[in-house]
Amino acid sequence: MKIPPIVTYTVLRLLAFLVPLAIMWFFFPIMRELWWLTAIFAALIGMSLSILFLRRPLSGASAEIHERREARGVGRQSVAAEDADAEDAALDSANDETRAPREG
C-alpha cells in the first residue's frame, strides 16, 4: 500500500515543527516560561526546514491535488464562471427592461 504524498508531506511538516519545539522546550529552561516565543521560533524553524528540504514531497502533493481537481472538474464550469454568467444574464434582462418602449 502506497502512502499518499499529501499524507507524507503533512507528517513531515508536523515533524519539522514539533521536533524543534520539543528540543527548545526540554533543553532550554527559559523557553518553558516563554512558551509563546518557543512556538514562534519552532514555527519559523519548521517553515525554514520545509522550504529547504521538503520540496519533493510538496511537488508530489501539489501534483496529486491538481490531478484530482482536473478529474473532478471535467465537464463542469467553475463556480466563478457560473456566477459571472448569472450576473451577465441579470444585467442583460435589466437592460432589456429599461430599454423597452413605454406605452403612454
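Me: Is Arg68 buried or exposed, going by its relative accessible area?
Reply: This is a predicted model, in which local features need pLDDT of at least 70, side-chain atom pairs count only at pLDDT 80 or more, and totals for chains, interfaces and linings use all residues. Residues are numbered from 1 along each chain as its sequence is written, and side-chain values use heavy atoms, with hydrogens and water left out. Buried means under 20% relative accessible area, exposed over 50% and partly exposed in between (1.4 Å probe, protein chains only). Arg68 has a relative accessible area of 57%, so the word for Arg68 is exposed.

Me: Which residue forms a salt bridge with Arg68?
Reply: A salt bridge is a side-chain nitrogen of Lys or Arg within 4 Å of a carboxyl oxygen of Asp or Glu, and by this rule the count comes to one. The closest N and O atoms of the pair are 2.9 Å apart, and the partner of Arg68 is Glu64.

Me: Where do Arg68 and Glu64 both lie?
Reply: Helices (H or I, at least four residues) and strands (E, at least two) are DSSP runs, numbered from the N terminus. Arg68 and Glu64 are four residues apart, about one turn of the helix, and both lie in helix 4 (residues 55-72).

Me: How many helices does the protein chain have?
Reply: From the N terminus on, its elements run α-α-α-α-α. With zero strands, the secondary structure comes to five helices.

Me: What is the orientation of helix 1 and helix 3 to each other?
Reply: Axes are lines fitted to C-alpha atoms, for helices over the stretch in contact, and angles run from 0 to 180 degrees between N-to-C directions. The axes of helix 1 (residues 5-27) and helix 3 (residues 35-53) come within 8 Å and cross at roughly 140°. Angles under 35 degrees count as roughly parallel, over 145 as roughly antiparallel, 65 to 115 as roughly perpendicular and the rest as oblique. Helix 1 and helix 3 are therefore oblique.
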